[in-house]
Amino acid sequence: MNTPVHKKAPIASSRLKPVTQDTLANRGMTSEQFYQKILHAILEHRLAPGTQLVEERLVVLSGLSRTKIRPVLARLAHERLVELIPNRGAFIARPSVEEAREVFFTRNLIEPAIIRLLCDDAGGRDIRALKRHITKERKARRDGDRLAIIRLSGEFHVLLAELAGNAILVRMMRELTAQTCLVITLYDAANTPSCPDHHHADIIEAIEARDVKLATQRLTAHLRAVENTLRLEVDEEAAVDLTAIFA
């Protein structure tokens with residue numbers, strides 16, 4: 001079978017717009033708030049892989065000094081969400097085809113363990129928390145809120161890890177979920193939903209029944225369905241408006 005060719009995408013640019021009063025309201029945000037802005041923009045596919053994060057622009061938009069911005073960029077680089085290139089700057093990471101496959105391979109190793117923990121220990125409060133999250137997902141779908149749908153779909157898997165009560169798994173799932181968003185941004189097929197709307201509810205149903213086998217089957221089928229929507233070529237990325245992200 002012929003191996004699909006991975007076409008390299010050009011680096012996305014960040015459009016520069018005049019700083020508005022709304023943008024200036026963000027001045028004085030904390031380093032953690034700055035980190036969360038970048039992370040949520042990745043989770044919602046608003047920061048495309050290859051986008052350059054120009055320090056001068058980030059200083060204006062966040063109100064943080066360079067000495068506070070750089071550790072945040074280093075943190076994102078440690079999580080493999082940002083690539084720091086000497087003499088060039090910071091760029092949103094662009095996972096290769098091989099790296100994309102590694103992300104899903106790793107998720108297929110880790111998430112069944114999370115499911116087993118939940119099937120053993122999840123109580124009524126945990127199930128209610130999961131169902132409340134599903135309610136938010138359904139509302140976002142009814143409202144046609146694409147950004148919320150994308151973000152909530154990723155956060156569901158982080159929530160599973162949080163309820164399983166393992167801090168290391170939570171940290172790993174946060175990183176893997178964000179990396180998955182980068183992969184989907186690069187490789188998803190046009191107009192194809194990456195996350196079928198009933199899958200999460202089906203997983204919760206099996207966890208509530210404490211059926212480890214069924215819950216694991218549904219989870220792995222869910223991950224396989226997402227992976228199967230991916231293609232192995234990259235279209236040219238649109239320019240990114242950093243001002244809107246920090247508004």
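Arg 75 is partly exposed, having a relative accessible area of 35%; buried here means under 20% relative accessible area, exposed over 50%, and partly exposed in between, computed with a 1.4 Å probe on protein chains only. The model is a predicted one, so local features need pLDDT of at least 70 and side-chain atom pairs count only at pLDDT 80 or more, while totals for chains, interfaces and linings use all residues. Residues are numbered from 1 along each chain as its sequence is written, and side-chain values use heavy atoms, with hydrogens and water left out.

Of its 247 residues, 45% count as buried. Contact means heavy atoms within 4.5 Å, and among contacts between residues at least 6 apart in sequence, 79% join residues at least 24 apart.

The next topic is salt bridges. The structure holds 14 of them, each being a side-chain nitrogen of Lys or Arg within 4 Å of a carboxyl oxygen of Asp or Glu. Arg 75 takes part in one with Glu 79, at 3.8 Å from N to O. Another salt bridge links Lys 131 and Glu 208, whose closest N and O atoms are 3.1 Å apart. Lys 131 belongs to helix α6 (residues 124-143) and Glu 208 to helix α9 (residues 199-208), so this pair ties together parts that are 77 residues apart in sequence. Lys 131 is partly exposed at 40% relative accessibility, and Glu 208 is partly exposed at 43%. Gly 124 is found in helix α6 and counts as partly exposed, at 40% relative accessibility.

Within helix α7 (residues 146-164), Arg 151 and Glu 155 are four residues apart, about one turn of the helix. Their salt bridge has its closest N and O atoms 3.4 Å apart. Glu 155 is partly exposed with a relative accessible area of 24%, and Arg 151 is partly exposed with 22%. Salt bridges with shared partners connect Glu 44, Arg 46, Arg 151 and Glu 155 in one network.

Now to the way helices pack. Helix α3 (residues 55-62) and helix α4 (residues 66-78) pack at an angle of about 110 degrees, and their axes are 10 Å apart. This makes α3 roughly perpendicular to α4. Axes are lines fitted to C-alpha atoms, for helices over the stretch in contact, and angles run from 0 to 180 degrees between N-to-C directions; those under 35 degrees count as roughly parallel, over 145 as roughly antiparallel, 65 to 115 as roughly perpendicular and the rest as oblique. On the α3 side, Glu 55, Glu 56, Leu 58, Val 59 and Ser 62 meet Arg 66, Ile 69, Arg 70 and Leu 73 of α4. The residues of this contact comprise four nonpolar, one polar and four charged.

Two strands pair if DSSP finds at least two bridges between them; β2 and strand β4 (residues 89-92) run antiparallel and are joined by two bridges. Leu 53 stands opposite Ala 90 in β4. The antiparallel pairing of β3 and β4 extends over four bridges, with Val 82 opposite Ile 92 in β4. Three residues lie between the strands in the hairpin of β3 and β4, where Asn 87 adopts a positive phi near 65 degrees.

One further pair concerns helix α5 (residues 97-121), which contains Ala 113. This residue is partly exposed at 22% relative accessibility. Ala 113 and Val 212 are 99 residues apart in sequence, with 9.9 Å between their C-alpha atoms.

Key:
Ala, Val, Leu, Ile, Met, Phe, Trp, Tyr, Cys and Pro count as nonpolar, Asp, Glu, Lys and Arg as charged, and the others, Gly among them, as polar.
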